[in-house]
Amino acid sequence: MAKVFQFMANGFEDIEAIIPVDVLRRGGVDIKTVSITETNIVESAHGVKMHTDLTFEEAEPMLGDADLLMLPGGMPGAANLNDHEGVKKALLRQAEKGKMIAAICAAPMVLGGLGLLRGRRATCYPGFEQMLTGAEYTAELFTVDGNITTGEGPAAALPYAYSLLGRLADSATSDAVADGMRYVHLMEKR
């Protein structure tokens, strides 16, 4: 079973944090939410309080075994993630191993600041393009380039999550979860 850790900071975007966790858990992925604050409680940009599975200190010894490290967007959540040295070190180690990294909305700025997007295609929330240092901005809902997946914003949370599930499990699992969540039905009505 794939192991995933999603870093959570105060000011995260609700949908971008919860939907990927929900989709991956429905698909049988072992995903843990990780608070970078001093407690297991983080507060979203819209005032929703969430109890995470682990604190950063609890998760840190396990991060080396991660198949995927994820960053939800939102402000000031993405900026708070960008200020956390432990998160940045974990991302750099993950990248050195060629393992998966995902960031959505404003959070790709963390990857850009670390130089992880140089020579890659990436997307982000409009207005953050200049923070994708060295990347080709795609403006897509989500972009996969090698081991890095980036997402545009709240509306991209479902397709971004299904893409990640397809890579962590398989396309049949991702398709079944999307169908069960009525996503396929929604897209057919467009």
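Reader: Is D22 buried, partly exposed or exposed?

Author: Keep in mind that this is a predicted model. The relative accessible area of D22 comes to 29%. Buried would need a value under 20%, and exposed would need one over 50%. So D22 is partly exposed.

Reader: Which residue does the side chain of D22 meet in a salt bridge?

Author: Look along helix α1, residues 14-26, for a residue four places from D22, about one turn of the helix. The N to O distance for that pair is 2.5 Å, and the cut-off for a salt bridge is 4 Å. The partner is R26.

Reader: How do R25 and D53 count, as buried, partly exposed or exposed?

Author: R25 has a relative accessibility of 42%. For D53 the relative accessible area is 34%. Buried means under 20% and exposed means over 50%, so R25 counts as partly exposed, and D53 is also partly exposed.

Reader: What is the N to O distance in the salt bridge of R121 and E140?

Author: This pair links distant parts of the chain, 19 residues apart. R121 is in strand β8 (residues 121-122), while E140 is in the loop between β9 (136-137) and β10 (142-145). R121 is partly exposed at 32%, and E140 is partly exposed at 31%. Their side chains meet at 3.2 Å.

Reader: Let's go to the nonpolar cores: how many residues are in the largest one?

Author: F5, F7, L63, L69, L71, L91 and L111 are the members that touch the most others. Helices and strands including β1 (3-8), α4 (85-96) and β7 (100-104) each supply at least two residues of this core. L69 shows some of those contacts: beyond its neighbours within four places in sequence, it is in contact with residues including F5, L91 and A102. The size of the core is 31 residues.

Key. Residues are numbered from 1 along each chain as its sequence is written. This is a predicted model: local features need pLDDT of at least 70, side-chain atom pairs count only at pLDDT 80 or more; totals for chains, interfaces and linings use all residues. Side-chain values use heavy atoms; hydrogens and water are left out. Buried means under 20% relative accessible area, exposed over 50%, partly exposed in between (1.4 Å probe, protein chains only). A nonpolar core is a set of buried Ala, Val, Leu, Ile, Met, Phe, Trp, Tyr and Cys residues joined through side-chain atoms within 4.5 Å. Contact means heavy atoms within 4.5 Å.
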